[in-house]
Amino acid sequence: SRKLMPFFQQMLHSDSEYFVFENARTVSGDTSDAVTSIQSGCLPLNHEDGRDFALNTTLATEFKKSGFETISFSSHELDMEGTKWFMMYDQLTSNFDHVFSPKNTMEPLVNGRGQNDLAMGKYFKNWLQERMQKKEQGITIEPFFAQFYYYNSHDPYFTDKTVFPNITSRRDGMLMTVDKSIENIFQILHDAGELDNTIVLGSSDHGENCGTRVRYGRLRDWNVNILHPAVYMYVPRKISEKSAKLYHNLRYNTRQLISTLDLFPTLMHFLDIKESKEDDQRKSKHCVTGFNLLKNIIPPHRIAWSFPGVSSSKKQKSGLMAMHYGASSSLMNRWGFPKHNGMSVIHYHDVIGSLSTNNETNLPLTIDKWKSVMQNMTRTNDKHVLGSDMPLAQEFVKSFAAIKLDCMMNKYNPACFQQ
């Protein structure tokens, strides 16, 4: 990646305005779950209130309410309305003052249903120029929220041959094109005189297994590669210097376990939005939520979660769950969790087996009971999980610890469920 993604490497090794989160985890290998968690800060625990909360909350809605001009750039076709991807359609179009997509740019589709990400940059550049002209004419302009949904990193991958004419590897060319797409946004902001007044946050929805020939394997088999997204922030000095504490917290958290669920409350910090007590209680009851990365120091023994959210159906009784744990978690020593990747994955059916030898507690955890345990472990750490006030939590944790690593990391094996 040093050769293929030089701009991302520059961000990774910067010690001032760039913040790259080295231990980020996404909530799912499914795009609908992953993007919704970024857009809403909610991973729903149930199919009613939790799912409704996640689907009815978007970043554009919150920024629009706060007086921002909102603009969406999507290199993917916006033909998702009425499909299983309906939530993506809302997240890319609702409450935006301006929407740019292949439908109105008329750019050729070069990667399945996506146009060249780099070509989208010129529309952003033109929009910023028009904005500056309004300002020069004495027209009041509002701060802006721009959202980019880029698609060239998606299979079958796209390489811009006009920029990289000698690249023959689709994967290498894709990585170079993605890196250039990110750099392009920063360059356009710089040329427009807006970079030192703009906060930039970027995240992939999920990772991928490099070199695999199994298409969409990320939906069926989770591992550290699939659930590790690229997450970064740019905070200019003129903003970060206003609060040394917030800068310190954000820099410290680049080395801690973070979740994509943390991105929504972090962005809301800049809007100074305070949820009502009722909304906060409702969200905490029905969603797994995250931390504000500016306000909070993430504990090194944090626990984060991945499981199906808005993609699940009411009748779904099987799937994947992942528990992520920080570098100093006692789970590794107490329960024998794998030490090299900071996560444990389990397939679940209608029950999650308990390994307790005590007959009084040797009860399977149903999915509903699991979600009850999950609700109590939201935004917490392993000390809380293993507390005596949560007797079911230890049974739940032991279920994760008991699954052999080869069962967790490879394809479905019935032997994993004998307990």
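The legends below describe close-up views of a predicted model.

**View 1. Strand β4 and its covered residues.** Strand β4 spans residues 69-74 and is mostly covered, with 6 of its 6 residues buried. In a regular strand, side chains alternate between the two faces of the sheet. In β4, Glu69, Ile71 and Phe73 point one way, while Thr70, Ser72 and Ser74 point the other way. Residues of both sets are buried.

**View 2. The neighbours of β4 in the sheet.** Strand β4 pairs with β8 in the parallel sense, over 6 bridges. Strand β5 also runs parallel to β4 and is joined to β4 by 3 bridges. Together with helix α5, strands β4 and β5 make a right-handed β-α-β unit.

**View 3. The aromatic cluster that includes Phe73.** One aromatic cluster is formed by Phe73, Phe100, Tyr123, Phe124, Trp127, Phe144, Phe148 and Tyr150.

View 4. The structure holds 18 aromatic pairs, and two of them are described here. In the pair of Phe7 and Tyr18, the ring centres are 6.2 Å apart and the planes are at 90°, so the pair is edge-to-face. Phe7 belongs to helix α1 (residues 6-12) and Tyr18 to strand β1 (residues 18-20), so this pair ties together parts that are 11 residues apart in sequence. Both Phe7 and Tyr18 are buried. Phe124 and Phe148 also form an edge-to-face pair, at 5.0 Å centre to centre and with 80° between the planes. Because Phe124 lies in helix α7 (residues 117-136) and Phe148 in strand β8 (residues 144-149), the pair ties together parts that are 24 residues apart in sequence. Phe124 has a relative accessible area of 1% and is buried, whereas Phe148, at 24%, is partly exposed.

**View 5. The loop between α5 and β5.** Asn95 is found in the loop between α5 (86-93) and β5 (98-100). Most residues other than glycine have a negative phi. Phi of Asn95 is near 60°, a positive value. Asn95 is partly exposed, with a relative accessible area of 39%.

View 6. Pro156 is found in the loop between β8 and α8 (170-191). Most peptide bonds are trans, but the bond from Asp155 to Pro156 is cis, with omega near 15°. Tyr157 is placed in the loop between β8 and α8 as well. Phi of Tyr157 is near 75°, a positive value in a residue other than glycine. With a relative accessible area of 25%, Tyr157 is partly exposed.

**View 7. Strands β9 and β10.** Strand β9 (residues 200-203) has a covered face with Val200 and Gly202, and an uncovered face with Leu201 and Ser203. Strand β10 (residues 231-234) runs antiparallel to β9, and 4 bridges join the two. Leu201, on the uncovered face of β9, stands opposite Met233 in β10.

Key:
Residues numbered from 1 in each chain as written. Predicted model: local features only at pLDDT ≥ 70, side-chain atom pairs only at ≥ 80, totals over all residues. Heavy atoms only, no water. Buried < 20%, exposed > 50% of the residue type's maximum accessible area, 1.4 Å probe, protein only. Pairing = 2+ DSSP bridges. Phe/Tyr/Trp six-rings, centres within 6.5 Å; stacked < 30°, edge-to-face > 60°. Right-handed = clockwise from strand over helix to strand, strands pointing away.
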